[in-house]
2 protein chains.
Amino acid sequence: MKVYNKAILPSGFKAAGLSCGLKKSGKPDLALFYSAVPAKGACMFTANTLAAAPVELCRQHLRKGSAFQAVIANSGNANCFTGARGLKDARAMAKATAGKLKIRPEMVLVASTGIIAKPLDLGKIKSAIPHLAGKLSAGGIEQAKRAILTTDLFTKEVTVEFALGSKTVSICGVAKGAGMIAPDMATMLTFIFTDARISQASLKKALESCVDKSFNCITVDGCMSTNDSVILLANSCAGNRLISSGRDLELFTGALEAVCLKLSELIVRDGEGASKFIRIRVKDAKDYAEARKVALDIANSNLFKTAMYGENPNFGRIVAAVGASGLRVKEKDLKIKLSPLSRREIDVEVALGRGSCAALIFTSDLTPEYIKINAAYN
Amino acid sequence: MKVYNKAILPSGFKAAGLSCGLKKSGKPDLALFYSAVPAKGACMFTANTLAAAPVELCRQHLRKGSAFQAVIANSGNANCFTGARGLKDARAMAKATAGKLKIRPEMVLVASTGIIAKPLDLGKIKSAIPHLAGKLSAGGIEQAKRAILTTDLFTKEVTVEFALGSKTVSICGVAKGAGMIAPDMATMLTFIFTDARISQASLKKALESCVDKSFNCITVDGCMSTNDSVILLANSCAGNRLISSGRDLELFTGALEAVCLKLSELIVRDGEGASKFIRIRVKDAKDYAEARKVALDIANSNLFKTAMYGENPNFGRIVAAVGASGLRVKEKDLKIKLSPLSRREIDVEVALGRGSCAALIFTSDLTPEYIKINAAYN
């Protein structure tokens, strides 16, 4: 398996990005991803019950169809809590894109990120779509990956290649963070493109398994977004033998997991105001679920996060968070290890003495910069 | 009902406070509360499964006996995650106090607050107890209420009086905050003394009902403490007819609730780094439990808290928190009202459109000062 720390679109995919004027800063805010041939799709969305309009529209398109060819995504406005108009606007984004690309609107998936509860300026998006579609190219991923960002300080991108028989399969992912990041899922948009030929059931299964171990294992601020979306398209252009089970599926899932883990890690490293990247490993748990819950409860403790920022080895705050999780841990069994706090990367290991299962969570510290960003953000 | 914004000990109670050297600052750190006659006791403690040694000792004493005469409390060290030695130290605190007061050790309740996971300097406490006991007086509450504080900026105290037949019953409470504050319960110690004559069952029932509506409805940082304790002693010195049910119990519970609510409010007003005092009222819920959960989920959202600090009416963050609670709320039914954010006190009202129940939560904002305090605290 080869890993590239940059986005290289697999065969058959093109992308484009530009500024249509949603962001006051004039930075890119509209991205289009396109597959020359219909692709299978698998998606996972936020568990937030007040999910945004584009999430609702994607769910409708996924129920209706099984072939997708485009993803249109804007930043600067989440199109969330925008009522009936919001859904209409999301549908209009899909329709305008489909019209230009000469595909059915149901073949277009839509994603938005940005401020909640403000109506979308649909006119700006609609008038930019023809130009955007005209710019589609393999190299266009350079603009597209920037156009999905909000408070992110850097782009998040990775490409993985692996051999399958005589063919090379490629998986490329781009993502945006950087606040409102919590599991189920992080506040983020992730778009993953692969030229693999794979059965619909296997694609879905692989994505669910990978998201559980990656995007659902990160937290910046414990705040669950309304817009989280992971969209995965597989267009079969690699010409490999059909992946459906066994060793082939393991290979694909392993490569997809590498993509998801890398993007998750990048999202946390770029967490709003973050000065530390923290890995919390909880081990000796009875099962994965309790290990994960304890790790997340530690990761979401503001007292833990501020201690990490202050490079203050106050491990009593970890004890308090473990106890607050409600899990019955015996004091004598609880072992806590902290790597030196003066470094940019910190490892926390917590042993519960209850069994043999473990979970790994990525998080960041809580800093004055986080407050500055979020007190001012409008 | 008369309310005094200061601590006036009811008849039969005395207190004292001094510095025994646990706090490096030299501020008072040891408090003793005493009833001249045996009192009934009702207590509520943290739900943290790694509760501190003094909490464990109090639970043992409450199982053994039904009459209490003293509370010994130290600040500067939580005596938590201190193993078998911790419990031995807490027991030694009770024993030394009992010895000096010539009562049984089981009649002494113990509380500690401060840093977690450092052994207590028992020698300092033991050698100060004789002097502390010698200083007991009604006016000694002035020192005692200061000796329980940690990062608090002000004392928390209130006294309520009400007539019962021809007698006046008094309830006096003192508390400490100010960080690691979350329900079940807040990180806090609260000591409440009353001269009421009341049945054991009614005392317990009244306390549980009042704590649910007060200390369990506040959050500063969502972090559940290991040491939270509410200790209530009733010594019958008012000579009133026995309170056991009906109107008398309602009167007592009402007065006790006023004490608990006032102390809860003071704890939040003195929340670490707080620049705003925020009341979140969630209404039109199906039941109290869901109203309370949504209100707490909003209150514990760092994005909501930073928006309040920034006086930024970003109500999309309230929408996101409501949806993240998992409750099925229809977008069109959700109504959010915010009072002007430029004021020191902010009212948030959220209507869910699901029913007719409501809950009220007090919280504070998240500020750079909170981070400063908690990054440095050792």
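Reply: Let us begin with a definition: two residues are in contact if their C-beta atoms, placed from the backbone, lie within 7 Å. Please note that this is a predicted model.

Me: How many residues of chain A are in contact with chain B?

Reply: By that criterion, 48 residues of chain A are in contact with 48 residues of chain B. On the chain A side, the elements that give two or more residues are α8 (302-309), α9 (316-324) and α10 (368-376). The largest share, 6 residues, comes from α9(A).

Me: How should I read the relation between two copies?

Reply: Two copies of a chain are related by a rotation about an axis and a shift along it. Here, a rotation of 180° with 0.0 Å of shift along its axis superposes chain A on chain B, with an RMSD of 0.0 Å. The two copies are thus related as by a two-fold rotation axis. In chain A, the C-alpha nearest the axis belongs to A:Pro368, 2.5 Å from it. The same surface serves both copies, since 100% of the contact residues of chain A recur in chain B.

Me: Into which domains is chain A divided?

Reply: Chain A consists of domain 1 (2-269) and domain 2 (277-376). Their C-alpha centres lie 30 Å apart. The contact between these domains takes 12 residues from domain 1 of chain A and 12 residues from domain 2 of chain A. On the domain 1 side, β9 (218-219) and α6 (246-269) of chain A each give two or more residues, and α6(A) provides the largest share, 4 residues.

Methods: Residues are numbered from 1 along each chain as its sequence is written. Chains are lettered from A and ligands numbered from 1 in the order in which they are written. This is a predicted model: local features need pLDDT of at least 70, side-chain atom pairs count only at pLDDT 80 or more; totals for chains, interfaces and linings use all residues. Copies are superposed by least squares on the C-alpha atoms of residues with pLDDT of at least 70 in both. Domain bounds come from an automatic or database domain assignment.
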